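Hello,

Here is the structure for you to look at. My notes follow below it.

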Amino acid sequence: AFRPARRIEDLGVSEILQITARASALKCAGRPVIILGAGEPDFDTPDHIKEAAIAAIRRGETKYTALDGTPELKRAIRDKFRRENGLDFAADEVTASAGAKQILYNAMMASLNEGDEVIIPTPCWTSYFDIVRISGGTPVAVPCGADSGFRLTAEALEAAITPRTRWLLLNSPSNPTGSAYGEDDYRPLIEVLERHPHVWLMVDDMYEHIVYDDFRFVTPLALAPSLKPRCLTVNGVSKAYAMTGWRLGYAGGPAPLIAGMAVVQSQSTSCPSSVTQAAAIAALDGPQDFLPARRDSFAARRNLVVDALNAIPGVTCRRPEGAFYTFASCEGLLGRITPEGQRIDSDRDFCAWLLESANVAMVPGAAFGLPGYFRISYATSEAELKEALARIATACATLD
Ligand code: PLP
């Protein structure tokens with residue numbers, strides 16, 4: 001029989017994928033299921049990006065490229081960091097991979113030894129914990145509740161640091177909460193890091209372009225250039241340019257770390273797809289004028305979902321600054337009884353019951369490390385969102 005390696009023994013396929021698979025199976029069987037689980041924009045990749053990929057294929061750019069990105073892509077990445085973030089990286093300080101997920105994986109594999117700790121504010125994206133574990137590290141969860149806007153505070157960071165701490169991993173705007181760190185939120189954390197020079201900072205800026213109202217996105221390295229020798233700034237084209245299937249992520253950081261990440265990549269996937277790299281250059285260099293309209297569309301949907309959730313007795317939802325997720329509490333409904341006679345004891349029960357009885361698929365907060373909550377991805381049509389929220393409200397009204 002197959003005996004799994006110890007490094008994956010306790011890991012499973014992500015709960016989000018399992019829920020999506022169950023919901024899709026019900027949908028295929030003819031049930032009118034609305035899936036609010038997907039972590040991807042519902043927009044199409046813009047045409048000028050597709051055309052750049054087609055042109056690359058026609059030019060014969062279909063071979064292996066330089067290991068962690070073509071010189072032209074690295075130039076576009078450096079230009080992006082300079083133009084949008086005020087960050088200056090040399091050519092050997094940037095890298096490209098098959099998605100930001102692989103960037104994070106390369107960085108953890110390249111830097112962690114058995115027992116090294118990675119501080120991860122929770123709730124967090126489900127992959128962080130398992131990427132750290134698979135790399136031999138120890139994730140250290142720091143619970144960040146709704147009272148701090150799901151953000152890490154300086155006191156909590158200070159308390160979590162030990163001599164074994166290798167990284168602090170931050171994500172803003174956040175999956176799953178949509179919360180974002182502004183300059184005033186980052187400053188106190190930077191002060192703590194400045195007092196602990198052995199702690200490195202990894203920041204996941206994937207949702208940089210999806211922010212609302214008057215929130216101003218900032219990346220910590222731009223506020224604290226002194227962190228440059230120990231900061232990895234991670235980004236990608238998946239969310240901003242609706243390119244999740246193309247698989248391209250990138251990062252800027254200290255040259256020795258970037259070189260270590262290339263070693264990991266050289267023995268796993270080699271270069272990212274040559275065609276995708278051409279598309280990513282067009283995305284980063286090209287017009288950015290379609291982004292505001294997409295942001296506005298997401299903002300309208302955020303408001304629709306937050307308002308509808310807060311109108312349900314027992315449910316409360318913070319209005320997030322960015323990304324395309326809401327993270328609402330269902331704690332006010334725990335202990336109630338369904339018409340089928342079942343007790344809702346947890347967020348997992350709540351989500352499972354809504355899928356079965358109301359045909360709406362959502363992800364329980366426990367999957368992200370904070371039980372009592374549930375995540376809705378609102379990257380779907382307003383019509384579907386309205387229908388889904390109406391179904392949730394109707395179902396909740398039947399609870400005893
Ligand atoms: N980081 C966060 C916070 C995410 O939500 C995701 C995708 O869901 C990623 C990174 C990975 O993105 P990709 O591998 O598509 O670049």
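How many helices and strands are there in the chain? The chain has 14 helices and 13 strands; these are DSSP runs, numbered from the N terminus, with helices being H or I of at least four residues and strands E of at least two.

The radius of gyration of the chain, taken over C-alpha atoms, is 21 Å, close to the 21 Å that the globule rule gives for 400 residues, so the chain is as compact as a globular protein of that length. That rule is 2.2 Å times the number of residues to the power 0.38.

Please keep in mind that this is a predicted model, in which local features need pLDDT of at least 70, side-chain atom pairs count only at pLDDT 80 or more, and totals for chains, interfaces and linings use all residues. Residues are numbered from 1 along each chain as its sequence is written. The mean pLDDT (the predictor's confidence in each residue, from 0 to 100) is 96 for the chain, and 100% of its residues reach 70 or more. For the complex, the predictor gives an ipTM of 0.99 and a pTM of 0.96.

Regards
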